[in-house]
Amino acid sequence: MAASEENSALFPIFVLTLMALPLVPYTIVNLFGAFKKKAAKINCQCSVCVRSGKYHKSIFKRISNFSTYSNLTLVLLWVVMAVLVYYIKHISTEVQIFEPFSILGLEHGASDSEIKKAYRRLSIQYHPDKNPDPEAHSYFVEYISKAYQALTDPISRENFEKYGHPDGRQGLQMGIALPQFLLNIDGASEGILLLGIVGVCIILPLTISVIYLSRSSKYTGNYVMHSTLAAYYHLMKPSLAPSKVMDVFIKASEFMDIPVRRTDEEPLQRLFVLVRSELNLDLKNIRQEQAKFWKQHPALVKTELLLQTQLTRETAALSPTLQRDFRRVLELAPRLLEELMKMAIIPRPPVGHGWLRPAIGVVELSQSVVQAVPLSARKAAGGSSEGYAPFLQLPYFSEAVVKKIARKKVRTFQDFRDMTPDEREDLLTQVAGFSNSESHDVEMVLKMMPSVTIDITCETEGEEGIQEGDIVTMHAWVTLKRGNGLIRALPHCPYFPSDKEENFWLLLADSFSNDVWLSQKVSFMDESTAIIAVSKTIQESKEGSGASAREINVAVKEAIEKVKNGSRLVMGKFQAPAEGNYNLSSFCLCDSWIGCDAKSNIKLKVMKRSRAGTRGGLTADETPAMEDGIEEDEEEEEEDYDDYESEYSEDEEDTKEIESKGMVGNGSGHNKGSGSSSDESGSEAD
């Protein structure tokens, strides 16, 4: 009985231990991560961002940020642990140890007469004939009688004095820390207990597994539906213009799941009137175009109108129900755009290259959605190939302000960035009519904008020159600088309702054939991960080249210092094509800022194979056949590219500049400027 009570009393301690083992370290990690995030202010501090309320530290904002399912579950578990601690400390009953002398109220070594007197005295108090209380009866039988028998029997008393127990030496007793109601199971409760065990141990895990498997079968690791990826893959075309990327983007299954209500019809009609100019409708047949637009699937119509509402900054016209749908669309947009980008640059047969033009269109759409800038503002105008879209990122800027400063020969965004702070302040206050505080906000945003440079080389490891069929390794150092000295930062985007991290896409591409040879996503948000990656890469590279341990350590330290100063190492491999000269371009495209992309040119010379073997590549006889396929694809798609307009389009003068400034041989290029209109540089090396 005592052992059973002891096991029952230990059950809360057993549960508390099981809960504390995973809960305590998980809580410490979460708190450390939360304090680490709050340590540095990486968001924009301009007045427009402050008024937007995105970073406002009110109690309601903190509660909403805290009220996630994981955090609420964490708090609930800690409450349960606190209740268990209180129960163990104050409510749990003590298990009484069997002590015959203490039970009879005697000292150790008492005589037989003293034992009999004590027993008669307690019998008068607890015997059932004298005391009808059931608890007194139980105490008399379980303790007083057993204590008297243990002390009056010579053998029992001798065992107790020697071994501490009337029955002699006791072996090791094992128990189960379970509550009493589970230990005392009768026939009536066995069925209920069995059902409980089956439900908790079998049915519940099986249900969770089925739900998880059914959900994982619909979604990818990036929480994007497989049906969305399939649609993006089949709808992506090599000649897809930026103006048509929106039509592909809204075909996501996630957008189709957003409910379309009858009450949304009138608000959507009003939105259509506000954003009609951005829908690429043919004005000559406007009635037919409008009818065709409304005949689409209602979810497609709603999604496109909500996205155009973001681009035109007409969110004030949204009804409360549309506001919720609007936030849902923008919440899904970043990861869907990332997957759409992957579908544009994924290697396609027969050559195994991605497509450059749709990739640029996806990045342009991402920039416009984050910065709330109309796609029509990106059209070349006023001597600028990028239009006035980059200016609209800045606070208080509009098309009228851009026209005012253009009269002072500030026609491109790069011209505006190249001015000194004093020159910009004079221009904004005297020409544009800005106040000093507004000019200060503009300067603050300009200091947040990244300036990217690319230092890239392509070479065949261990060989001089590149021969057809070789495996070529690309090394690219992408360096980011800001006027405020930050490396890790969130972009200025007051019209985007949630935080958006900056991401960059590095593409090695042939602009003329529309082929993306290599692509990789680059992030400057996690310095520690970048240090680990670059250390491992440099160490393996140096060990492969036979460098000494000292040389490896020096190279690793230099690479780590580069990472801390805002550089990221990007590496990739591709197979050298057939013999010839190739004019390649490296693009570093930002998905959050307009006009902050970088580009450099590489002229790659591939020589005829003279070394024995192909080192796993194609043979010289196979390569021309592959190149014929490329030429056929180019002839089929040539007409579709004529109407393409983008800030990365190149004319004949750009072609001549590439030929005069590109590099030959193993191929290297270095871009010192930033922005899409930055100068391109290179040198020759055979």
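Predicted model: local features only at pLDDT ≥ 70, side-chain atom pairs only at ≥ 80, totals over all residues.
Salt bridges were examined across the whole structure, and the search finds 15. One of them joins Asp-325 and Lys-302, with the closest N and O atoms 2.5 Å apart. Asp-325 lies in helix H17 and Lys-302 in helix H16 (residues 298–312), so this pair ties together parts that are 23 residues apart in sequence. Both partners are covered by protein. Asp-325 is buried, at a relative accessible area of 6%. Lys-302 is buried as well, at 1% relative accessibility.

A second pair spans a longer stretch of sequence. The side chains of Asp-591 and Lys-500 meet in a salt bridge, at an N to O distance of 2.9 Å. This pair links distant parts of the chain, 91 residues apart. Asp-591 sits in the loop between strand S8 (580–590) and strand S9 (598–607), whereas Lys-500 sits in the loop between strand S4 (471–481) and S5. Asp-591 has a relative accessible area of 9% and is buried. Lys-500, at 7% relative accessibility, also counts as buried.

Lys-403 and Glu-399 pair through their side chains at 3.9 Å, N to O. Both residues lie in helix H19, four residues apart, which is about one turn of the helix. Glu-399 counts as partly exposed, at 38% relative accessibility.

Asp-422 is found in helix H21 (residues 421–431). Its relative accessibility is 57%, so Asp-422 counts as exposed.

The structure holds zero disulfides. For Cys-44, the closest cysteine sulfur is that of Cys-46, 3.5 Å away. A disulfide requires the two sulfur atoms to be within 2.5 Å. The separation is therefore too far for a bond. Cys-44 is buried, with 1% relative accessibility. Cys-596 is likewise in no disulfide. The nearest cysteine sulfur to Cys-596 belongs to Cys-590 and is 6.4 Å away. Cys-596 has a relative accessible area of 0% and is buried.

Several backbone features fall in loops. The peptide bond from Pro-349 to Pro-350 is cis, with omega near 5°. Pro-350 is placed in the loop between helix H17 (320–345) and strand S1 (354–355). Positive phi values occur in residues other than glycine, among them Ala-372, where phi is near 55°. Ala-372 lies in the loop between helix H18 (356–371) and helix H19 (399–406). This alanine is buried, with a relative accessible area of 1%. Asn-514 also has a positive phi, near 65°. The loop that holds Asn-514 runs between strand S5 (504–510) and strand S6 (515–522). At 1% relative accessibility, Asn-514 counts as buried.

Met-246 and Leu-365 are 119 residues apart along the chain, and their C-alpha atoms are separated by 7.4 Å. Met-246 is found in helix H12 (residues 242–249). The relative accessibility of Met-246 is 3%, so this residue counts as buried.

Technical notes. Residues numbered from 1 in each chain as written. Heavy atoms only, no water. Helix = DSSP H or I, 4+ residues; strand = E, 2+ residues; numbered from the N terminus. Buried < 20%, exposed > 50% of the residue type's maximum accessible area, 1.4 Å probe, protein only. Salt bridge = Lys/Arg side-chain N within 4 Å of Asp/Glu carboxyl O.
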